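Please read this report with the structure open beside the text. Each section takes up one part of the chain.

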Amino acid sequence: MRILLTNDDGIHAEGLASLERIARTLSDDVWVVAPEQDQSGYAHSLSISEPLRLRKIGEKHFAVRGTPTDCVIMGVKKILPAAPDLILSGVNSGANIADDVTYSGTVAGAMEGALLGVRSIALSQAYSYVGEDRLVPYETTEALAPALLKKLVAMPLPDGVLLNVNFPNCLPEEIAGTVVTSQGKLVHSLWVDERRDGRGLPYYWLRFGREPVEGKQGTDLHAMRNRLVSVTPLQLDLTAHEIRDQLTKALA
């Protein structure tokens, strides 16, 4: 099995090294094509207004000056000798659940893989802060992902479907199990933080402002808060099929 790895945290991210160790429990034919720099929050974006720069950093390891989507395209269409059998994106530093899925470059890497007809799975690890230090228990993903991926790879998936896997912020022995979930809903908004540069001119940072919510049972939010590994099937078809008839009547 040929496996292509990517992420959105960048080619030197600790989570990507963790993902490679996981992938090597499944196959010896592992390729890494990841962004040169951090691309978190770039979602499913393409670099079409500037060239892509490719740098080989080791055997079967390549850095692309572009987005996770660019990396998957470059891997499948240019770098690998043939299309991969599996694309793994991650391991992201931080969970990608609920509305965050729409912003996630990690999930976007798997989305592009699904668009190209390759089985694709995104993996993310929740974390916590101790003071100013971010503590990401990648050991949880490394301990649990190999057996889980073997099961997920063995089952058939419809065209246009990808899997979004999230690991809770706890040690492996504290995991309560694995559940299939739906995408939850966060109560959050983006805030515009205005600052001034050295010349007194304004510049802006976007930042998240969130309110605590109780995730409904069966959602990825509920799973993570109950120390359950969340496996969410996502689909590329964004059509709201349930209101098609209603729209048809309204336009008649």
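The sections below describe a predicted model, starting with what a database record says about the chain.

## The annotated domain

In an unreviewed entry, UniProt places the feature "domain: Survival protein SurE-like phosphatase/nucleotidase" at residues 3-185. Over residues 3-185 the chain is 27% helix and 28% strand.

## The listed binding site

Under "binding site", the unreviewed UniProt entry lists Asp8, Asp9, Ser40 and Asn92. These residues are spread over 85 residues of sequence, yet they cluster in space, with a largest C-alpha distance of 9.1 Å.

Asp8 is found in the loop between β1 (2-6) and α1 (14-23), and the place of Asp9 is in the loop between β1 and α1 as well. Are these residues buried or exposed? The cut-off for buried is under 20% relative accessible area. Asp8 has 3%, so it is buried. Asp9 has 17%, so it also counts as buried.

Leaving aside neighbours within four places in sequence, Asp8 is in contact with several residues, including Ser40 and Asn92 from the listed site. Others among the contacts of Asp8 are Pro35, Pro68 and Thr106. A polar contact of 3.2 Å joins the side chains of Asp9 and Ser40.

How many of the residues of strand β9 (residues 161-167) are buried? Seven of the seven are, so the strand is largely enclosed by the rest of the structure. In a regular strand the side chains alternate between the two faces of the sheet. From β9, Val161, Leu163, Val165 and Phe167 point one way. Leu162, Asn164 and Asn166 point the other way, and all of these residues are buried.

Strand β9 pairs with strand β6 (residues 119-125) in the parallel sense, over five bridges. In this pairing Ser124 stands opposite Asn166 in β9. Strand β9 also pairs with strand β13 (residues 228-235), here in the antiparallel sense and over six bridges. Val161 stands opposite Gln235 in β13.

## Asp29 in strand β2

Asp29 lies in strand β2, which covers residues 29-35. The side chains of Asp29 and Trp31 are joined by a polar contact of 2.8 Å. Apart from neighbours within four places in sequence, Asp29 is in contact with Met1, Arg2, Ile3 and Lys60.

## Pro146 in helix α4

Pro146 is found in helix α4 (residues 138-154). The relative accessible area of Pro146 is 13%, which means that this residue is buried. Pro146 and Arg24 are 122 residues apart in sequence, and their C-alpha atoms are 9.1 Å apart in space. Setting aside neighbours within four places in sequence, Pro146 is in contact with Ile22, Thr25, Leu26 and Thr141.

## An aromatic pair

The count of aromatic pairs comes to one. The ring centres of Tyr127 and Tyr129 are 5.6 Å apart and the ring planes are at 85 degrees, so the pair is edge-to-face. The reasoning rests on a cut-off, because planes over 60 degrees apart count as edge-to-face. Tyr127 has a relative accessibility of 27% and so counts as partly exposed.

Conventions
Residues numbered from 1 in each chain as written. Predicted model: local features only at pLDDT ≥ 70, side-chain atom pairs only at ≥ 80, totals over all residues. Heavy atoms only, no water. UniProt positions renumbered as here; feature names shortened; annotations may be inferred. Helix = DSSP H or I, 4+ residues; strand = E, 2+ residues; numbered from the N terminus. Polar contact = N/O pair within 3.5 Å; in protein donor to acceptor, adjacent residues only side chain to side chain. Contact = heavy atoms within 4.5 Å. Phe/Tyr/Trp six-rings, centres within 6.5 Å; stacked < 30°, edge-to-face > 60°. Buried < 20%, exposed > 50% of the residue type's maximum accessible area, 1.4 Å probe, protein only. Pairing = 2+ DSSP bridges.
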